[in-house]
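Have a go at each before reading the solution.

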Amino acid sequence: MMLDRGEAMFVAGIAAILVALALMVVRALRGPTVFDRLVTANAIGVAAIMLVALYGFFIGRPEFLDIGILYALLNSVGTFAVLKFWRYGSLGHAGEEEGDPQ
Amino acid sequence: MSEVLEVVREVIAWILISAGGFFFIVSAIGINRMPDVFTRLHAASVGETFGSGLMLVGMIVMAGFTLVTAKLVLLLLFLWFMGPVATHAIARAALQAGERPTLTGIDAKAEKDVRKLEEGQ
């Protein structure tokens, strides 16, 4: 199967992201603290968004970008949810203002 | 003439998408090689802002003036605003949970910052 010039660039981008994803998964499995895993999970999320976008362009259906936007929203919400759960032990905690008397 | 413009556009998109892939790989290597959470955050932000930004601009060049470009710009703005916010939140949470930067020369200043953070509450 021959790729034309326009498709080959998306294949190159997808290949680069797959290499990066493999390296990030290594750190996510090895990471000693929960924060290492969280940093890597965030990076993997961004890589997945770019993978979806590039694949959508590659097969000629850029509507896949909607899924990418949804992933971006879920990714940031998920990061903050894990941080909050790690700190307070529950997602329903009201939190506290900085400088509030305890 | 339009054939020439087409080639120029593809070359620009090639350069941008390849550069984005390069920064993604650099960021992944950095995440593996850096010694502690804070330096790994630094490495991860490279791919999050610069890698994804270059790739999205490359796709904008290929898409032209369509609805797809609007979606790409939306994604770009969201990643550029929320990436640093998430990075900041993770760094702050790690500092409050007792993680300390391990590289020499910055421990004293980090201790002072943490004390300030704890006194503020």
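**Exercise 1.** Which residues in helix 2 of chain A meet which residues in helix 2 of chain B? Then work out how the two helices are oriented.

*Solution.* A quick caution to begin with: this is a predicted model.

Step 1. Pick out the chain A side: A:Phe35, A:Asp36, A:Val39, A:Asn42, A:Ala43, A:Val46, A:Met50, A:Ala53 and A:Phe57. On the chain B side, they meet B:Val37, B:Arg40, B:Leu41, B:Ala44, B:Gly47, B:Glu48, B:Ser52, B:Met55, B:Met59 and B:Met62.

Step 2. Now for the geometry. Two packed helices are described by the angle between their axes and the distance between the axes. Here the angle is about 10°, and the axes are 10 Å apart. Angles under 35 degrees count as roughly parallel, so helix 2 of chain A is roughly parallel to helix 2 of chain B.

**Exercise 2.** Zoom out to the whole contact between the chains. How many residues does each chain give, and which helix of chain B supplies the largest share of its side?

*Solution.* Step 1. Count both sides: 42 residues come from chain B and 40 residues from chain A.

Step 1. Helix 1 (2–33), helix 2 (37–63) and helix 3 (67–96) of chain B each give two or more residues. Helix 1 of chain B has the largest share, with 15 residues.

Step 2. Check the classes: the side of chain B that touches chain A holds 28 nonpolar, nine polar and five charged residues.

**Exercise 3.** Stay inside chain B. At what angle do helix 1 and helix 2 of chain B pack, and which hand does their crossing have?

*Solution.* Step 1. The angle is about 165°, with the axes 8 Å apart.

Step 1. Anything over 145 degrees counts as roughly antiparallel, so that's what helix 1 and helix 2 of chain B are.

Step 2. Their crossing is left-handed. The contact between them has 19 nonpolar, seven polar and two charged residues.

**Exercise 4.** What is the overall make-up of chain B, and how does its radius of gyration sit against that of a compact globule?

*Solution.* Step 1. Chain B has four helices and zero strands, running α-α-α-α from the N terminus.

Step 1. A compact globule of 121 residues would have a radius of gyration near 14 Å, whereas chain B has 19 Å. Its C-alpha atoms fill a box of roughly 65 × 30 × 15 Å along the principal axes.

Step 2. Finish with burial: buried residues make up 32% of the 121 residues in chain B.

Conventions:
Residues numbered from 1 in each chain as written. Chains lettered and ligands numbered in written order. Predicted model: local features only at pLDDT ≥ 70, side-chain atom pairs only at ≥ 80, totals over all residues. Contact = placed C-beta atoms within 7 Å. Nonpolar A, V, L, I, M, F, W, Y, C, P; charged D, E, K, R; others polar. Axes fitted to C-alpha atoms, helices over the stretch in contact; angles between N-to-C directions. Parallel < 35°, antiparallel > 145°, perpendicular 65-115°, else oblique. Left-handed = near helix turned anticlockwise from the far one by under 90°. Rg over C-alpha atoms; globule rule 2.2 N^0.38 Å. Buried ≥ 20, exposed ≤ 12 C-beta atoms within 10 Å, placed from the backbone.
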